[in-house]
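Me: Could you take a close look at one helix and the aromatic rings around this fold? I'd like one connected walk-through, cut-offs included.

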Amino acid sequence: MSKRKLIEIKKIKKENFVLANQSINAKNHPEINFKYLWKCNVGCFKSLSKYNYKYKEEKVFDQLQQFLYEVDQCSNLDEVITQYTSSKGSKVDPSNTYLRRLKATFEGAYPEEKELLKSGIIHIHLKRNGKNKFVMFGIHYESVFFVLAFDPNHSFNKRA
């Protein structure tokens, strides 16, 4: 057992919280949330790790970290969706097999929260203007994009 003292972690009080960029409104500031990723288990961190092991040269975790940093520079979620969507748009055909599986998995894992699916599952790229094949599927609610799955090879349209 370590003899080092544990540092007490306190919850940040709102009056002590200050954003580094004062022009960003904390209420509308975009957030990327992974809370639904685990139980959806379609394209989770485990599958992303396996992909990264197989295709190390793509550096998918570096791409993800860069994306999260860039999102933090945006002022709201609409800006993120607009900037990280290809010219074809962010909506995916609801009859897509991958999307149907993802939706069914979400509804089974989170039946009390399936109302979130009303706005539809969208996909956004990790590079601006859809310039990269790595996409994330998710749902958006207010200023939060809830990630449901990763697709680093942009293969959701190629699956049977």
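Predicted model: local features only at pLDDT ≥ 70, side-chain atom pairs only at ≥ 80, totals over all residues.

Reply: Let's begin where helix α5 begins: a side-chain oxygen of N96 comes to within 2.8 Å of the backbone nitrogen of Y98. Residues are numbered from 1 along each chain as its sequence is written, and side-chain values use heavy atoms, with hydrogens and water left out.

Now the helix itself. Helices (H or I, at least four residues) and strands (E, at least two) are DSSP runs, numbered from the N terminus. Helix α5 covers residues 97-109, and its 13 residues should span 18 Å at 1.5 Å a residue, which agrees with the 18 Å between its end C-alpha atoms. The expected span is 1.5 Å times one less than the number of residues.

Which residues of α5 are buried? They are Y98, L99, L102 and F106, where buried means under 20% relative accessible area, exposed over 50% and partly exposed in between (1.4 Å probe, protein chains only). These four cover an arc of only 95° around the axis, so they sit on the same side of α5; the arc is taken from the directions from the helix axis to the C-beta atoms. As background, an α-helix has 3.6 residues a turn, so residues three or four places apart point the same way. The buried residues of α5 pack against α1 (37-40), β3 and β4, with contact meaning heavy atoms within 4.5 Å.

On to the rings. Rings of Phe, Tyr and Trp (its six-membered ring) pair if their centres lie within 6.5 Å; planes under 30 degrees apart are stacked, over 60 edge-to-face and the rest tilted. That rule gives 12 aromatic pairs. One of them is F106 with Y110, a tilted pair at 5.3 Å centre to centre and 40° between the planes; both residues are buried. Another joins F134 and F150: with centres 6.1 Å apart and planes at 70°, the pair is edge-to-face. F134 lies in the loop between β2 (122-125) and β3 (135-141) and F150 in strand β4 (residues 144-151), so this pair ties together parts 16 residues apart in sequence. F134 is buried at 1% relative accessible area, and F150 counts as buried at 3%. Ring pairs also link F34, F45, F134 and F150 into a cluster.

Key: Polar contact = N/O pair within 3.5 Å; in protein donor to acceptor, adjacent residues only side chain to side chain.
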